[in-house]
Amino acid sequence: MFLDHIPISSIPGIKSSPVVELKIEDRVKDAIHSLYEKNVSGAPIADVVDPDTIIGRFSDRYVGYINLAGMILWALEECEKALMQTRGTDGEENGKSSMFTMLEDNPQIGQTKVGELAKSYLWDPFFPVHLDDTLFHVLLLLSNHHRLQVVPVIERSNFQGIGFVTQNAVIQLLLQSSGLEWFDSIADKALSEFRFGNEERVDLVYGDRSLAEALHILRESRIGVVAVVNRENKKVIGCIRNSDVYLLLENNEILGDRKRLTAEEFIHTETAKENSDGTCERDLGALFAAGALQLRNNFLPKMDSPVTTKKSNTLKQAMKDLAETKGCFCFLVNEPQQPAGLLTLRDVIIQFAPPCIDSNIHGGGFFESALEQTGCQVKNGTVICDH
């Protein structure tokens, strides 16, 4: 298979910056502060390992991956529950309080160990690859049951995390095959010819509803995005993503006023991206997409300018739009620009990761171990699941 001849080491920017780790014993307040200060959106969670113990597999060191937005939304909801218990449903916190002040005032929440958040399903599984593995391995992991957002890259010698392969980086690499028959036979089809997992489901909130309500919907969303729509004509006017949640840490007024501030008002609060120029960054291709997951990312689409597409467009055009904007999704809209579905990077990647695996490809120890943990195995070149 062509994709099994593209090593991960050929992706620019894999080792562009150090990987920030969290430990299973870290407290939520400290973990949020650490990721925020280091400007990263997520981190692998390292278990406490006896240094005298010989590490035999990647799972001996890392136990999961967590994103900052998930921790913030969890902590915010838990603080609101605590506030209601002490002051009743009409209770209001100090409008000038920061997230860190809220966590200090609620030590039972702020002092919660990161390891305990696994009970709230905030962790993503940790299935890494090595530099000498291939893009095919990444495709299999990103398109399988695991719903990974990123694939960590670790050194074989010391099992230390050195970078990430993002879904967007994979899309950019796939687009380099434009013009080849195997790629165009899939990518030149209209979106209407595909059946996507979230094709008819969009989490949405009306623009006149409160930011607090929108954040609650976002917390419940499996996709990590909420469409903001106009109540009168139901048109998409913006979106609120997991990647926007850090603004609650940047602006205490937004945090304190979230029950009065509307979703529409919130999507117009961004200022940092107004003068940004993505030309240089786009020219570098997968460099930034595969490197550190920056928290403050001026190259993402603004909240009030989400990526949209129609089902009559081709899959290739949608891929190009996502690659150019560094977006993680695009809304499928009808003629009146009303949301009719959602196309995610994972939906796209699945189209290029066939369920049948060539019998020559075993994936190495990391892939066999990943399959074992999900109750799957490879038999005669096909992935067989026990559930």
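Author: Strand β7 spans residues 225-229, and five of its five residues are buried, so the strand is largely enclosed by the rest of the structure. Buried here means under 20% relative accessible area, exposed means over 50%, and partly exposed lies in between, with a 1.4 Å probe and protein chains only. Helices (H or I, at least four residues) and strands (E, at least two) are DSSP runs, numbered from the N terminus. The model is predicted, and for that reason local features need pLDDT of at least 70 and side-chain atom pairs count only at pLDDT 80 or more, while totals for chains, interfaces and linings use all residues. Residues are numbered from 1 along each chain as its sequence is written, and side-chain values use heavy atoms, with hydrogens and water left out.

In a regular strand the side chains alternate between the two faces of the sheet. In β7, Val 225, Ala 227 and Val 229 point one way, whereas Val 226 and Val 228 point the other way, and all are buried.

The neighbours of β7 come next. Two strands pair if DSSP finds at least two bridges between them. β6 and β7 pair in the parallel sense over three bridges, and Leu 204 has Ala 227 of β7 as its bridge partner. Together with helix α8 (residues 211-220), these two strands make a right-handed β-α-β unit. A crossover is right-handed if, with the strands pointing away from the viewer, the path from the first strand over the helix to the second runs clockwise.

β7 also pairs with strand β8 (residues 236-241): five bridges join the two, which run antiparallel. Val 226 has Ile 240 of β8 as its bridge partner. β7 and β8 form a hairpin with six residues between them, and Lys 234 in the turn has a positive phi of about 65°.

A nonpolar core is a set of buried Ala, Val, Leu, Ile, Met, Phe, Trp, Tyr and Cys residues joined through side-chain atoms within 4.5 Å. Of the 52 residues in the largest such core, Ile 32, Met 71, Ile 240 and Leu 248 touch the most other members. Helix α2 (residues 68-87) gives the most to this core, with 10 residues. Apart from it lies another core, of 39 residues, among them Leu 175, Leu 191, Ala 323 and Ile 349.

Leu 175 belongs to helix α6, where it is one of the buried residues. Nine of the nine residues of α6 (residues 167-175) are buried, so this helix, too, is largely enclosed by the rest of the structure.

Charged side chains supply further links. A salt bridge is a side-chain nitrogen of Lys or Arg within 4 Å of a carboxyl oxygen of Asp or Glu, and by this rule the count comes to 14. In one of them, Glu 104 meets Lys 29 at 3.8 Å, N to O. This pair links distant parts of the chain, with Glu 104 in helix α3 (residues 99-105) and Lys 29 in helix α1 (residues 28-37), 75 residues apart. Lys 29 counts as buried, at 19% relative accessibility.

In another, the side chains of Asp 188 and Lys 316 meet at 3.2 Å, N to O. Asp 188 lies in the loop between α7 (181-187) and β6 (204-206), and Lys 316 lies in helix α14 (residues 315-325), 128 residues apart. Asp 188 counts as partly exposed, at 43% relative accessibility, whereas Lys 316, at 10%, counts as buried.

The whole protein supplies the setting for these parts. There are 16 helices and 13 strands, and of the 387 residues, 51% count as buried. Among contacts between residues at least 6 apart in sequence, 70% join residues at least 24 apart.

Conventions: Contact = heavy atoms within 4.5 Å.
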